[in-house]
Amino acid sequence: MTTLILDLELARRIELAEARSAVEAAGMLRQVRPESGAAVESIAGGFAVYCGANSPITQAVGLGLNGAVSEEEFAKLEAFYKSRKEPVRVETCPLAEASLIEQFGKRSYRVTEFSNVMARPIPQNDSVTNWPPPAPGITIERAGREQIDLWTLTVAQGFSENAPVPQELFEVMKRFAQTPGAECYLARMEGKVAGGGTLAVRDGVAGLFGASTLPEFRKRAVQTALLYARLARAAEAGCEIAACIALPGSVSQRNITRQGFQTLYTRVKFERAWE
């Protein structure tokens, strides 16, 4: 299989594909719940997104990949979040302009997270027949509109373990699932819902996000089946690249690597809280 070669164009393509998913989720949330305060602002070649306090989508993505970041642009970023009493969180690609990193240093930002951007090419002659079938007892289905609540609750519970799912998380994930270009998939084990995952198709990039398995069904090849189904669908949709995010050294990273994904680069989350 061809190895992807990282350059600025590829990094920008992947980062902006993810950013647009967040932008559309904020737009959906603003439509159905104006009181949420969901908002988006274009800044420094990327986007600052707000979907509520401490939401996983409330962060800036794609900054510094389209030229130098000025003092004015960075001040605009900080004003966007400070006006909402929310810390500034910026997912930063290592190919971003050095001027962005300089701005973090000047303002005493701290590093709060590392995440690996994993990717693999999708051969144009790929199809569902090229991927192994699910393990016995597992079936994969695309969730219809009437199943969005079931999908959202399943994936949110997979992330929350046995704790109750916060309403805010449920709401944001549901809006993400309803954005244009997003497809949601449910996995069942012997007919019982076991997990779910999302495929977001943008600019030839298949974003594999929002995947989780309910605790009682883990280590039974549920995520592998979901991954194969989404890759087959991505090939059918004409995508050239599949991308996903994994914590360095995690079980997810090891599983994804076995399916031909490579660590393309490691992102750093810079954060500043307001006093």
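Is Ala-44 buried or exposed? Ala-44 is buried, with a relative accessible area of 12%, where buried means under 20% relative accessible area, exposed over 50% and partly exposed in between (1.4 Å probe, protein chains only). Ala-44 is found in the loop between β1 (39-43) and β2 (46-50), and has a positive phi of about 50° although it is not a glycine. Helices (H or I, at least four residues) and strands (E, at least two) are DSSP runs, numbered from the N terminus.

This is a predicted model, in which local features need pLDDT of at least 70 and side-chain atom pairs count only at pLDDT 80 or more, while totals for chains, interfaces and linings use all residues. Residues are numbered from 1 along each chain as its sequence is written, and side-chain values use heavy atoms, with hydrogens and water left out.

**Overall form**

The protein has seven helices and eleven strands. Its radius of gyration is 19 Å, close to the 19 Å that the globule rule gives for 275 residues, so the protein is as compact as a globular protein of that length; the radius is taken over C-alpha atoms, and the rule is 2.2 Å times the number of residues to the power 0.38. Along the principal axes, the C-alpha atoms fill a box of roughly 55 × 45 × 30 Å. Buried residues make up 52% of the 275 residues. Among contacts (heavy atoms within 4.5 Å) between residues at least 6 apart in sequence, 71% join residues at least 24 apart.

**Empty space**

Rolling a probe the size of a water molecule over the atoms shows where empty space is left. On a 1 Å grid over the protein atoms alone, a cavity is a set of points where a 1.4 Å probe fits but cannot get out, whereas a pocket is an open set with protein on both sides within 12 Å along at least five of seven lines; lining residues have an atom within 4 Å of a point. Grid points are joined across faces, edges and corners, and a volume is the space filled by probe spheres set on the points. For the classes in the table, Ala, Val, Leu, Ile, Met, Phe, Trp, Tyr, Cys and Pro count as nonpolar, Asp, Glu, Lys and Arg as charged, and the others, Gly among them, as polar.

| Space | Volume | Lining by class |
|---|---|---|
| Largest pocket | about 1800 Å³ | 23 nonpolar, 16 polar and eleven charged residues |
| Largest cavity | about 50 Å³ | eight nonpolar, no polar and one charged residues |

The largest pocket is lined by 50 residues, of which Phe-159, Phe-209, Gly-210, Ala-211 and Ile-245 lie nearest its centre. Strand β9 (residues 205-213) gives the most to that lining, with six residues.

The structure holds one cavity of 30 Å³ or more. The lining of the largest cavity consists of Ile-14, Ala-17, Glu-18, Val-117, Val-205, Phe-209, Ala-243, Cys-244 and Ile-245, and α1, β9 and β10 each supply at least two of its residues.

**Helices and their packing**

Helix α6 (residues 222-236) has 15 residues and reaches 22 Å from its first C-alpha to its last, close to the 21 Å expected at 1.5 Å a residue, the expected span being 1.5 Å times one less than the number of residues. The buried residues of α6, among them Val-222, Tyr-228 and Arg-230, pack against β5 (110-121), β6 (138-142), β7 (182-189), β8 (192-202), β9 and β10 (241-246). In the loop between β9 and α6, Lys-219 has a phi near 65°, a positive value in a residue other than glycine, and at 87% relative accessibility Lys-219 counts as exposed. Just after α6, Gly-238 takes a positive phi of about 85°.

Nine of the eleven residues of helix α5 (residues 167-177) are buried, so this helix is largely enclosed by the rest of the structure. Its buried residues, including Glu-171, Lys-174 and Arg-175, pack against α1, α4 (148-160), β7, β8 and β9.

Ser-21 lies in helix α1 (residues 8-32) and, at 1% relative accessibility, counts as buried. Not counting residues up to four places away in sequence, Ser-21 touches Phe-176, Thr-179, Ala-200 and Arg-202.

Tyr-50, found in strand β2, is buried with a relative accessible area of 10%. With residues up to four places away in sequence again left out, Tyr-50 touches residues including Ala-26, Phe-80, Arg-84 and Glu-86. Tyr-50 and Glu-86 are 36 residues apart in sequence and 8.8 Å apart in space, C-alpha to C-alpha.
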